[in-house]
Every structure is written in C-alpha cells, then in structure tokens.
Amino acid sequence: MKGKQLTEKQKAFADKYIETGNATEAYKSAYSTSKMSDQVIYNEASKTIRKPLVKDYIDKHMKELEDTKIPKQKEILTFLGGVMRGTEKETVMTDDGLVKVPPAIKQRISAAKELLKRYPLDDPLMRAQLRKLNAEATLAESRTNESEDKTGKLMRFMDKQSNESLQKIIDSLEGSESHD
C-alpha cells in the first residue's frame, strides 16, 4: 500500500462523503452512475468506503474537522479572559444599526467566576478556606472514630456483665433444683 494514492474519483467520493455522511450520494457525485441500478450504486459505495486508502483519508479528515470544532483549553481560557476584561465584543442591534460592544458587567463577572473555578489554589483566601475545611473534616472523622471506640468498649462491658448475670441466674437455678 506504500506509495499508493487515492484516485481523483476516490478523493471526490471521500470529500463528498465527509460533507454529507451519505456514501450512496457521494458515489453518485464522484462516479458515472447513469446506467447503474440503485442497488448496484449502494453496493459500489459500500465497497469504496471500505477501501483502506479511502477509509484512511476519511478518518484523517474527520479527525481534523473534529479538532477544529472542539475548542482547546487555552482557547477557552483566552476567551473567558477576554470577556472578563471586556476585550471580547458582541454585536448588538441599536437605533444606529449593528454595533460591537463589550460584554455587560454581569457577563464579565460570570467569566471571572468561570476562570476562578479553574485556578482556585492561586488565591490565598481560597487556600486558607480549603485548609480549614480539611481540618474540620479530619476533626469530625477523629470524633467519629473515638465515638465508635467508646461505643465498642461499652458494648463489650455490657456483654460481659450480661454473661456474668446470666451465669449467676443459671447457677442459682441449678442450686435451687438440688434443694428440691
């Protein structure tokens, strides 16, 4: 397969398939199909889309399209920073026509909050609050463990007392039976 390339028709087929997602339509667009039945066109389209060179070309280009449509983290952070600073503009309709204006203060605050969610540990106040929450959680866990230990000791003591009391009752009953 090394050195082989798509034919012009295969490339046209693949490009049309990427555009429409329909192999039959792509085949009709790339090849002469006027003398073919719909079933033959469908079969040929199915064969063409499974050819390794065509499949690789489609997969590669679909991945590129996907990568361009999904924003990367840096792009998102840059956008949020622009909204927060007011450098990103939005187009609004006014009496004078379409005008580009900075985001409203409410949108800028929302963008700032979104940015802070991604960088919470850079804020000394946030770090102190996080340490406090961790300390409170550790203290609560310690108290729970201590309580469980005390409860366990109490239960063992009560079990021991109950066993001793039961044994005394049994002994006294056995003793009264021997007197009868």
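Lys11 and Asp15 both lie in helix H1, four residues apart, which is about one turn of the helix; helices here are DSSP runs of H or I with at least four residues, numbered from the N terminus. This is a predicted model, in which local features need pLDDT of at least 70 and side-chain atom pairs count only at pLDDT 80 or more, while totals for chains, interfaces and linings use all residues. Residues are numbered from 1 along each chain as its sequence is written, and side-chain values use heavy atoms, with hydrogens and water left out.

**Salt bridges**

- A search of the whole structure finds four salt bridges, a salt bridge being a side-chain nitrogen of Lys or Arg within 4 Å of a carboxyl oxygen of Asp or Glu.
- One of them joins Lys11 to Asp15, with the closest N and O atoms 3.0 Å apart.
- Lys11 counts as partly exposed because its relative accessibility is 34%, given that buried means under 20% relative accessible area, exposed over 50%, and partly exposed in between (1.4 Å probe, protein chains only).
- Asp15, with a relative accessible area of 29%, is likewise partly exposed.
- Lys16 forms a salt bridge with Glu19, where the closest N and O atoms are 3.7 Å apart; these two residues are three apart in helix H1, so about one helical turn separates them.
- Within that pair, Lys16 is partly exposed at 22% relative accessibility, whereas Glu19 counts as exposed at 61%.
- In helix H3, Lys47 and Glu44 are three residues apart and therefore separated by about one helical turn, and their side chains meet in a salt bridge at 3.5 Å, N to O.
- Lys47 is partly exposed at 47% relative accessibility, and Glu44 is partly exposed with a relative accessible area of 25%.

**Nonpolar cores**

- The largest nonpolar core has 13 residues, and those with the most contacts inside it are Phe13, Ala14, Tyr27, Tyr31, Ala45, Val54 and Ile58; such a core is a set of buried Ala, Val, Leu, Ile, Met, Phe, Trp, Tyr and Cys residues joined through side-chain atoms within 4.5 Å.
- At least two residues of this core come from each of helix H1 (8-20), helix H2 (23-30), helix H3 (38-50) and helix H4 (52-69), and the largest share, four residues, is supplied by H2.
- Ala14 touches Val54, Tyr57 and Ile58, not counting residues up to four places away in sequence, where contact means heavy atoms within 4.5 Å.
- A second, separate core of five residues includes Leu80, Val83, Ala111 and Leu115.
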